[in-house]
Amino acid sequence: MNDSQLILTMFAAIGLGTPLIFATVGEIITERAGILNLGVQGMMLVGAVSGFWATFETGSLTLGVVVAMIAGAVFSLIHAFASITLRVSQIVSGLALTIFGTGLASFLGKAGSDPLVGEPSRETFEPLITGGIADWPVVGPLLFGHDLMVYVALVVAGAASYYLFRTRMGLSLRAVGEEPASAESAGVNVAWVRYAHVMVGGALAGLGGAYYSLALSPTWQDNPIGEAGWIAIALVILASWRPWRAIFAAYLFGAAVRIQFTLQTLGSPWSDVPSSLLAMLPFILAIVAMLALTSGKRARLLGAPAALGVPYFREER
Amino acid sequence: MTTRRFIVEPRGLASVRLSLLIPLISVLAALIVGGLFLALTGENPFSVYQHMVDAAFGSSRGVSETLISATPLILTGLAAAVAFKMLVWNIGAEGQFLLGAIFSSGIAIAMGDGAPAALVIPVVIVAGGIGGALWAGIAAIPRVYLGVNEIITTLMLNFIALNLMNYLIFGSSSPWRDPEVSTFPTGRPIPDSGRFPEFFNRLDLSFIIAVALALLAWYLVGKTRWGFEVRVVGDSADTARYAGISVPKKILGVFLLSGAFAGLAGGLYVAGPVGALDPRSLDLGLGFTGIIVAALARLNPVAVIPVAILMGALNNAGPSLQSIGVPPEIVLMLQGAILIFAVGGEFFIANRIRPREKVLEELSEEVEAA
């Protein structure tokens, strides 16, 4: 592999990792509140289609992003209601969100007399800076050659870390995820905190989805995100529930995706490595991480919220 | 704090009437949601639904194809039902299904055309169950002996299995790949001795086996000592321990049984209607649909049969919608909506909601009577 290919791979990895940062940070925030949401895939797809549609209708990327976030947040309310108010199985309710969202996004893309499917986006995210410092060797493209959302993702991850570990609200949030009963007796409204952070997770998943349809593959197709929602759930574990670590996990995964294409260009023997085996890697890594780090009591050290997935009953009977 | 106008109380044992009514309402509510989206996009929901009913049940061919679609769903439904009943969150039926398909097609190809069908068919069936159980074991053993959460591991194993199948067909010249086709790779056809006999159009033996396995599961969970102990563990692990039941062994057993059902689904599907390890016919989300089946059947193995037929009918009707210009994904939306309402409905089966005044009235009457 020569230098330019290495830089190209790293550059692409950052782009491919960006939507995963949004979705992973969103899921970390949701899980920190004690709610497991397996609906990430569905929320991302709903964000992808609604964001694409809004930009398609108005020509405004800003509006696309805002609509995608609102759609993701509103859609996540279904899961919030089922898991927080009705206290039914979070696992089943999250899967329901994914199944419904997957169907909904495809349906909306194809329905009507003038369907979106096959249409290119009217606007797409372009690099912020062209020429100048972005042309500097090596660091130029890697540091300055990206579109706005790449930098927004870094800010979101940093802000989420600060929020979780350095603010009063973040402390309440973590308390709700660890010991909801104690949090309640300290005056925290557990249900409210959980609703709010499920919606934050939904908004970020929607934003991540929209990055696919407005930047990475800006022509509407049936599933522009692949398996990104499921990968985000794996990355939460690899990031051990810490938003800033999600950046590295997401970029690493972006590199794993990109390297499949890079290997094809390098010729034999590199191009003989089957892409399906490389595609397994993040999932194998997630399982290994689960086995190595969450078995038995060590799960607590790692950062998995203690009350994750456990319904909270205000008046214990 | 504000006083609440309604009071939620646990109901205890749910009535039979309610546990039939809530799933029916769930389906109806999902049809209404789907209908709203259809109406919003300029379709007449009633004529779309009529078209779906005709496609799924309107002809003898339609009925047989519906039952073919239902067959793997009976088994993935059972996989979810037996596991969820014990709070074993095996959401890896998708991967176990694929491993069952890989094992069954592999053994059928290995045994070749010379072996007698009476030998090959039972071996193919058992291989599917073993494939699924082994794949489930990768998550089950760490869960039982190390306390590793099975939700994530089973979920991740789905994607590893999917890529494994893609590797066998697209990424290598494995024995599963058809050597005759080079342009777009596909699975090698299973020898005739490993295929199930058909008896009603394309419907084959696998449907009968699936129904028999559902009845067997009902007997196993409902009528045997093992099943009783499993149910005790599902209700309360502490009670089970106190009664001297080995909780880890029961969880492991249920987990592997669940995987075996999903594996059987894959094995019967390749040796039945599909006839080869064909990624395009196998990567359909049948494992996840099994979770919908189990939820709507309220984890009852016998109820899994009619619910699987309903879901199979939807899957069968989907592609026919293209002829009237309706996106077939309405089926996925309906299934997702059914699951949302079914899981939400569990709240109303488990709890009773009454106005505050009425509860207070009743309480004061009780006090007076005492």
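Helix α10 of chain A is largely enclosed by the rest of the structure, because eleven of its eleven residues are buried (20 or more other C-beta atoms within 10 Å of a residue's own; exposed means 12 or fewer, partly exposed in between, with C-beta atoms placed from the backbone). The buried stretch includes Ala228(A), Trp230(A), Leu235(A) and Leu238(A). Helices here are DSSP runs of H or I with at least four residues, strands are runs of E with at least two, and both are numbered from the N terminus. This is a predicted model, in which local features need pLDDT of at least 70 and side-chain atom pairs count only at pLDDT 80 or more, while totals for chains, interfaces and linings use all residues. Residues are numbered from 1 along each chain as its sequence is written, and chains are lettered from A and ligands numbered from 1 in the order in which they are written.

Just after α10(A), Ser240(A) has a positive phi of about 40 degrees. Trp241(A), not a glycine, also takes a positive phi, of about 60 degrees. Trp241(A) sits in the loop between α10 and α11 (243-266) of chain A and is buried, with 21 other C-beta atoms within 10 Å. Another non-glycine residue with positive phi is Arg87(A), at near 60 degrees. Arg87(A) belongs to the loop between α3 and α4 of chain A, and with 17 other C-beta atoms within 10 Å it is partly exposed.

The next topic is helix packing. Two packed helices are described by the angle between their axes and the distance between the axes. In chain A, α6 (residues 148-166) and α7 (residues 168-178) pack at about 75 degrees, with axes 5 Å apart. Axes are lines fitted to C-alpha atoms, for helices over the stretch in contact, and angles run from 0 to 180 degrees between N-to-C directions. The angle makes α6(A) roughly perpendicular to α7(A) (65 to 115 degrees; under 35 is roughly parallel, over 145 roughly antiparallel, the rest oblique). Tyr163(A), Leu164(A), Phe165(A) and Arg166(A) of α6(A) meet Met169(A), Gly170(A), Leu173(A) and Arg174(A) of α7(A), where contact means C-beta atoms, placed from the backbone, within 7 Å. These residues comprise five nonpolar, one polar and two charged; Ala, Val, Leu, Ile, Met, Phe, Trp, Tyr, Cys and Pro count as nonpolar, Asp, Glu, Lys and Arg as charged, and the others, Gly among them, as polar.

In chain B, α3 (residues 60-85) and α12 (residues 286-296) pack at about 65 degrees, with axes 7 Å apart. The residues of this contact are ten nonpolar, five polar and no charged.

Between the chains, the contact takes 41 residues from chain A and 40 residues from chain B. On the side of chain A, the elements giving two or more residues are α3 (61-85), α4 (90-110), α10 (228-238) and α12 (275-294). Of these, α4(A) gives the most, with 13 residues. This side of chain A has 27 nonpolar, twelve polar and two charged residues.

Chain B as a whole has 15 helices and four strands. Its C-alpha trace spans about 85 × 60 × 35 Å along the principal axes, and buried residues make up 52% of its 370 residues. Of the contacts in chain B with a separation of 6 or more, 79% join residues 24 or more positions apart.

Note on methods: Two residues are in contact if their C-beta atoms, placed from the backbone, lie within 7 Å.
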